[in-house]
Amino acid sequence: MNYRAGFLGFIGQPNAGKSTLLNTLVEEKVSIVTDKPQTTRRRVIGFVQGENAQIVLVDAPGVLKAGKGLNAFLQKEAEDVIQQSDALCAVLNLDEDNKSHLDRILEMVVQSKKPWFVIMTKVDLIDKVHRRERLRNELREKYPQITVLEFSNTWTGDMKTFRNEFLRIASGLVPESPAPLYDPELFTPHTVRELSAEVIREKCFESLSQELPYQLAVRIKNFEETDPTITRIFADIVVSKESHKPIIIGKAGSMIKKIGMAARKDLEKLVGHQVFLNLDVIVREDWFENGRLMKELGYVVVEE
Ligand SMILES: Nc1nc2c(ncn2[C@@H]2O[C@H](COP(=O)(O)OP(=O)(O)OP(=O)(O)O)[C@@H](O)[C@H]2O)c(=O)[nH]1
Ligand SMILES: [Mg+2]
């Protein structure tokens, strides 16, 4: 069998479980996951290595209606992932109450003219059993050639089977390649510094409510690895309004302490040793509507 390698983009609604899928398949925490929609902001890449194939998974932000500022960036990022992938996976979540949102995902992958398949996620939600059957039948009728896999993050024993099945299907959709596209020893091209900023953002998402998580960004100021026993990380939590600052800091610093402790625990797992973490909160007025500030925070469309 000839070797195959290529980019496979996950396209789905916000909260569909795309990042969960990526982490499960890569068997590492590459992409952050929260119960809030619009968690992923920039494309996140992870590799799945098979015997005769390397699948480069691309986790995109959930598909949104076009907007401005950060939302426009998220939409463009999802569209670019569609364009730049060799094949696509439509991620259809059973907890989506508005069926037309799932139809939109299907329309987008069909329109791309790329090879594609479907992963139906959250199949553990038993009150959605009727939806699972209906969606399966509809897909079989409309797209008889398309493979439909099912996924639940509650599975324990079955992950290996799912992973193998995924590799078999995805390998058939990516092009032949003389060699892997990335070093097969790696699981992601992202640096530990980049992953660290995302871990801190995840803890902010988990600890804060309402619009706050959507209006903050995390920037690593300094990442010191000179001492092999301890990594020192200095980061800014960037908020969009002066009034958000005291909420993030919390009463007597309790909120920022909570975020910092949770982040440090995960960062220590990531780097494999002790982490010193220093978090500051800074205000950049309405950064998510300001092209220049967005660019400064790394939310800039990569032209390739
Ligand atoms: N019940 C159930 N929940 C799941 C499953 N997969 C993911 N979730 C949960 O769904 C929520 C969203 O998961 P994510 O992986 O962050 O979803 P996403 O598609 O990456 O979301 P965005 O980045 O916002 O576009 C999290 O709370 C997950 O724990 C599943 O199979 N079953
Ligand atoms: Mg995500």
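**Figure 1. Magnesium site in the predicted model.** Two protein donors, Ser19 (OG) and Thr40 (OG1), lie 2.0 to 2.1 Å from the magnesium ion (ligand 2). Serine 19 sits in helix α1 (residues 18-26), while threonine 40 belongs to the loop between α1 and β2 (44-49). The pair therefore ties together parts that are 21 residues apart in sequence. Both serine 19 and threonine 40 are buried. The model is a prediction, and local features are given where pLDDT is at least 70.

Figure 2. Strand β9 (residues 274-283) holds valine 281. Is this residue, valine 281, buried or exposed? Its relative accessibility is 10%, so valine 281 counts as buried; the cut-off for buried is under 20%. Beyond its neighbours within four places in sequence, valine 281 is in contact with Ile237, Val239, Lys245, Ile248, Ile249 and Ile256.

Figure 3. Leucine 181 lies in the loop that runs between α5 (159-173) and α6 (192-207). At 40% relative accessibility, leucine 181 counts as partly exposed, because that class spans the values between 20% and 50%. Which residues does leucine 181 contact, leaving aside its neighbours within four places in sequence? They are Ala5, Gly6, Phe7, Gln54 and Val56. Glycine 6 is 175 residues from leucine 181 along the chain. The C-alpha atoms of leucine 181 and glycine 6 are separated by 7.3 Å.

**Figure 4. The whole chain, as context for the close-ups.** The protein has 9 helices and 9 strands. Its C-alpha atoms fill a box of roughly 60 × 40 × 40 Å along the principal axes. A compact globule of 304 residues would have a radius of gyration near 19 Å; the protein has 20 Å, which agrees. Among contacts with a separation of 6 or more, 71% join residues 24 or more positions apart. Of the 304 residues, 50% count as buried.

**Figure 5. Surface and charge of the protein.** The accessible surface comes to about 14900 Å². Carbon and sulfur atoms account for 50% of that surface. The protein carries 42 positive and 44 negative charges. How far apart are the mean positions of the positive and negative charges? They are 3 Å apart.

Key
Residues are numbered from 1 along each chain as its sequence is written. Chains are lettered from A and ligands numbered from 1 in the order in which they are written. This is a predicted model: local features need pLDDT of at least 70, side-chain atom pairs count only at pLDDT 80 or more; totals for chains, interfaces and linings use all residues. Side-chain values use heavy atoms; hydrogens and water are left out. Donors are N, O and S atoms within 2.8 Å of the metal (3.2 Å for Na, K and Ca); water is not among the atoms, so sites may look incomplete. Helices (H or I, at least four residues) and strands (E, at least two) are DSSP runs, numbered from the N terminus. Buried means under 20% relative accessible area, exposed over 50%, partly exposed in between (1.4 Å probe, protein chains only). The radius of gyration is taken over C-alpha atoms; the globule rule is 2.2 Å times the number of residues to the power 0.38. Contact means heavy atoms within 4.5 Å. Accessible areas come from the Shrake-Rupley method with a 1.4 Å probe; for residues, only the protein chains shown count as cover. Lys and Arg count as positive and Asp and Glu as negative; His and the chain ends are not counted. The place of a charge is taken as NZ of Lys, CZ of Arg, CG of Asp or CD of Glu.
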